[in-house]
Amino acid sequence: MLQVAVVEDDPKSRSLIKEMIVQYAKENEKNIKIIEFSDGSEIVEQYKPQYDIIFLDIEMPCLNGMKAAEKIREKDKNVVLVFITNMAQYAIKGYEVDALDFILKPINYYTFSVRFARALERVKSKKGKEVCLTLAEGIKRIDSRQIYYIEIQNRMLHYYTKEGEFVVRGTLKQAEEELGQWHFVRCNHWYLVNLRYVSEIKKNIVVVAGIELEISRRNKTAFLAAVTDYMGENI
């Protein structure tokens, strides 16, 4: 279940946003729990990471949305923040708290649904995917965010992860189809790289979790484009 917070001091606006979330959930078969707050001070009080998305009005009487976002970011680096405002000039300042988007008032459902879909995609990429590995000694479940990269050797897939190396039978194409949505991209014929661990690119080499891997001529253009897109999404 997704947890979405709506922080808005105006009851009518808060109710409208809630109605739009409910409508989106019905249309897209999503299970969403909505938690409402009437001021930024309410959500930051005893805040703990639990929400997937927070819609924040900027202009509120006690603690405005920008200040609330700053306090939230001190405790939660992953929650997706979307500001709601009638003043577009706040957009630049939003980058300081890693806001994903802005919705300008008055809100219409089409604009809201587009922004909400984008926020859900960000949540999905941040959460990762559970990967089930069938090993000789049994089953291993691992979060895709824990995987640095995958290598193919003699029809065996080597998963290099935070927990160590795991080897299973399979093809790199299968792994790519399973993990492509979670920012895993080929740098050459033998390696599938998790872009979250790319720290450096130099000529035809990519550094992934401290390991240097070759970028093939065939994959270079697509790989560099994927890295650029990923960095742009996660600034």
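**Close-up 1. Strands S14 and S15 are joined by four bridges.** Strand S14 covers residues 205-208 and runs antiparallel to S15. The model is predicted, so local features need pLDDT of at least 70, side-chain atom pairs count only at pLDDT 80 or more, and totals for chains, interfaces and linings use all residues. Residues are numbered from 1 along each chain as its sequence is written, and side-chain values use heavy atoms, with hydrogens and water left out. Strands (E, at least two residues) and helices (H or I, at least four) are DSSP runs, numbered from the N terminus. Two strands pair if DSSP finds at least two bridges between them.

**Close-up 2. Three strands form an open sheet.** The order is S13-S14-S15, and the pairing is antiparallel. Strand S13 (198-202) and strand S15 (211-214) are the edge strands. Each of these pairs on one side only. From one strand to the next, the twist averages 25 degrees. Axes here are lines fitted to C-alpha atoms, for helices over the stretch in contact, and angles run from 0 to 180 degrees between N-to-C directions. Strands of a sheet pair through backbone hydrogen bonds, either parallel or antiparallel.

**Close-up 3. Ile215 sits in the loop between S15 and helix H7 (217-233).** Ile215 counts as buried because its relative accessibility is 1%. Buried means under 20% relative accessible area, exposed over 50%, and partly exposed in between (1.4 Å probe, protein chains only). Ile215 touches Cys187, Ile201, Lys203, Asn204, Ile205, Val206, Lys220 and Phe223, not counting residues up to four places away in sequence. Contact means heavy atoms within 4.5 Å. His189 is 26 residues from Ile215 in sequence, and the two are 9.2 Å apart in space, C-alpha to C-alpha.

**Close-up 4. The largest nonpolar core holds 23 residues.** Such a core is a set of buried Ala, Val, Leu, Ile, Met, Phe, Trp, Tyr and Cys residues joined through side-chain atoms within 4.5 Å. Ile21, Ile53, Phe55, Phe112 and Phe116 touch the most other members. At least two residues each come from strand S1 (2-7), helix H1 (11-28), strand S3 (53-57), strand S4 (80-85) and helix H5 (109-127). H5 gives the most, with six residues. Another core, of 22 residues, lies apart from this one; Val44, Met66, Ala68 and Val79 are among them.

**Close-up 5. Phe55 and Phe116 form a tilted aromatic pair.** Their rings lie 5.8 Å apart, centre to centre, with 50 degrees between the planes. Rings of Phe, Tyr and Trp (its six-membered ring) pair if their centres lie within 6.5 Å; planes under 30 degrees apart count as stacked, over 60 as edge-to-face and the rest as tilted. The pair links distant parts of the chain, with Phe55 in strand S3 and Phe116 in helix H5, 61 residues apart. Phe55 counts as buried at 1% relative accessibility. Phe116 is buried too, with a relative accessible area of 0%. Ring pairs also link Tyr24, Phe55, Phe112 and Phe116 into a cluster.

**Close-up 6. Arg186 lies in strand S11 (residues 184-186).** Arg186 is buried, with a relative accessible area of 17%. A polar contact of 2.9 Å joins its side chain to that of Glu176. A polar contact is a pair of N or O atoms within 3.5 Å; within protein, one must be able to donate a hydrogen and the other to accept it, and residues adjacent in sequence count only if both atoms are side-chain atoms.
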